Amino acid sequence: MLLTMDKELIQIIGVTLKMSFFSTLISCFLGLPLGVLIERGRFWGRRTLKKTASTLMGLPPVVAGLIVYMLFTKYGIFGSLGLLFTVEVMVIAQVLLITPVVICLTSSVISVSGKHLSETARGLSLSKGKTLLLFVFHNRRALLSVVLTAFGRSIAEVGAVSLVGGNIQWKTRVMTTAILLETNKGKFTFALALGMVLLLISLIVNIGASLLTKRRDSDD
Amino acid sequence: MIKCENILKKYSDRTVLSIPQLEIKSGESVCLTGANGSGKSTLLKIIAGVIPFEGKLEAQGSILYMPQKSLCFDMSVLSNVTYSLSGKKKDKEEIAFEALKKVGLEALYKKNASGLSGGEAARLSLARLLVHECDILLLDEPTGAVDIEGTEIIENAVKSFVKENKCTLITATHSPLQAKRMSDRVIMLEKGEKVEDSSPEELLIAPKTDFGKKFVDMWRY
Ligand SMILES: Nc1ncnc2c1ncn2[C@@H]1O[C@H](COP(=O)(O)OP(=O)(O)OP(=O)(O)O)[C@@H](O)[C@H]1O
Ligand SMILES: [Mg+2]
């Protein structure tokens with residue numbers, strides 16, 4: 001019993017990490033450049049995009065789940081893909097939820113130093129590519145916390161993933177949905193243990209990240 | 001050569017700069033001065049092409065521009081200078097190190113630039129420009145936060161750069177003494193308009209405005 005539990009626990013952690021990793025990766029891949037462009041770019045529809053992103057930031061996870069569910073259900077537009085109740089569709093729902101957050105946070109990070117940095121870059125006649133890279137590199141510490149926020153959102157998310165994932169044992173069950181289930185079954189101790197593991201993962205990721213960007217010659 | 005015609009800059013409805021006519025010849029060294037908010041930075045930004053404006057501007061050649069709030073990139077002092085260079089890493093670092101020597105920052109080359117003092121940051125900003133060539137060099141209060149020694153270092157580095165490149169120089173400054181040392185023409189702005197435009201010698205004899213009088217008084221004592 002304990003042994004199978006351990007095996008299952010490891011499997012659940014594995015699914016959770018896989019889902020969170022890919023959700024974070026994809027939403028950052030989309031959201032970071034978009035966030036920079038929304039703040040510094042000059043293109044048509046920029047304001048609309050910014051408003052849309054900040055509105056979507058408030059999208060309730062269950063609603064995001066519902067939308068994705070309807071798109072991927074048997075009779076939905078993407079129904080033929082047969083992705084409902086898979087980790088893939090959970091990632092899709094997460095990307096829908098997290099990308100707006102990444103866009104908005106990135107744009108506010110960039111806005112702090114944006115004007116001066118872009119004037120300085122222009123003064124040095126930096127190319128567009130080098131300027132974009134500079135924006136990301138110069139703000140890397142703040143942007144890393146954007147990435148961590150995205151990861152945190154995705155690992156903590158319940159509503160959307162239980163809806164589109166279905167909380168299927170050995171397949172789409174993740175930490176949060178498992179905690180929900182165990183709590184409903186009255187197994188509080190196990191639910192709490194799962195919660196601890198979740199917290200531990202968060203801690204490890206954060207420590208790793210702060211080690212990565214530590215400044216050696218400064219107080220902060 | 002820089003040619004401005006009917007340059008107008010407004011923020012919402014407020015006109016902050018209005019220059020009907022201004023010509024700066026190639027190789028001239030010009031100081032731009034005037035009270036806070038008189039439009040010095042705005043004029044430099046317009047020539048540098050970093051803000052939109054109304055009117056006609058002709059600026060021939062490549063431009064290097066150091067903003068008043070020049071930002072040091074969050075990387076090492078050396079990388080700050082190499083970042084805008086292209087080529088082999090070793091060559092870039094050699095060039096950058098030479099530039100750092102010119103502004104007296106070579107000892108700090110490994111330090112992260114976000115930890116520099118105000119004056120050090122200004123010197124780094126200048127070193128970042130000096131590794132390039134240009135036809136027009138625009139400096140917005142390059143010694144605004146710099147001590148006496150640092151000011152001398154910066155002025156000398158700029159002078160020798162200008163001599164080598166035979167470039168046009170426009171420096172915004174609040175210091176009459178710097179204006180005298182650095183330029184052969186002084187342009188004074190007041191509320192966005194050009195009120196003086198002459199050589200230091202002419203200005204000394206016949207300043208047209210109160211600000212101009214106070215300015216040249218500093219040269220007398
Ligand atoms: N982005 C902006 N939005 C609104 N007003 C601005 C902006 N930038 C400058 N101004 C206004 O334009 C006027 C001229 O500003 P500018 O920065 O050119 O002055 P300055 O001569 O460089 O002053 P200082 O000596 O303080 O550097 C000021 O009154 C300022 O308030
Ligand atoms: Mg200014």
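**A walk through chains A and B**

At 4% relative accessibility, Phe135(A) counts as buried (buried means under 20% relative accessible area, exposed over 50%, partly exposed in between, with a 1.4 Å probe and protein chains only). Before going on: this is a predicted model, where local features need pLDDT of at least 70, side-chain atom pairs count only at pLDDT 80 or more, and totals for chains, interfaces and linings use all residues. Residues are numbered from 1 along each chain as its sequence is written, chains are lettered from A and ligands numbered from 1 in the order in which they are written, and side-chain values use heavy atoms, with hydrogens and water left out.

Back to Phe135(A), which sits in helix H5 (residues 128-138) of chain A; helices (H or I, at least four residues) and strands (E, at least two) are DSSP runs, numbered from the N terminus. Leaving aside neighbours within four places in sequence, Phe135(A) is in contact with Val36(A), Arg40(A), Ile110(A), Gly114(A), Leu117(A) and Ser118(A), contact being heavy atoms within 4.5 Å. Arg40(A) is 95 residues from Phe135(A) in sequence, yet the two are 9.6 Å apart in space, C-alpha to C-alpha. Ser118(A), in helix H4 (residues 87-123) of chain A, is buried too, with a relative accessible area of 15%. Not counting residues up to four places away in sequence, Ser118(A) touches Arg40(A) and Phe135(A).

Now for the charges. Side chains of opposite charge can pair when their charged atoms come close. Glu8(A) is buried at 9% relative accessible area, and Arg173(A) is buried at 11%.

Another salt bridge pairs Lys50(A) with Glu39(A), with the closest N and O atoms 3.3 Å apart. Here Lys50(A) is partly exposed at 35%, whereas Glu39(A) is buried at 13%. Further along, Lys185(A) and Glu182(A) meet at 3.6 Å, N to O; Lys185(A) is partly exposed at 49%, while Glu182(A) is buried at 4%.

Next, the place where the chains meet. There, 23 residues of chain B are in contact with 19 residues of chain A. Between them the chains bury about 1900 Å², 57% of it on carbon and sulfur atoms; buried area is the accessible area (1.4 Å probe) that two parts lose on being put together, summed over both. In chain B, Leu71(B), Asp74(B) and Tyr83(B) lose the most area to chain A, together 33% of what that side buries. Three salt bridges cross the interface, and Lys45(B) and Glu119(A) meet in a salt bridge at 3.7 Å, N to O.

Last stop: the metal. The magnesium ion (ligand 2) is coordinated by Ser41(B) through OG and Gln68(B) through OE1, at 1.9 to 2.1 Å. Donors are N, O and S atoms within 2.8 Å of the metal (3.2 Å for Na, K and Ca); water is not among the atoms, so sites may look incomplete. Ser41(B) is buried at 16% relative accessibility, whereas Gln68(B) is partly exposed at 41%.

Terms used:
A salt bridge is a side-chain nitrogen of Lys or Arg within 4 Å of a carboxyl oxygen of Asp or Glu.
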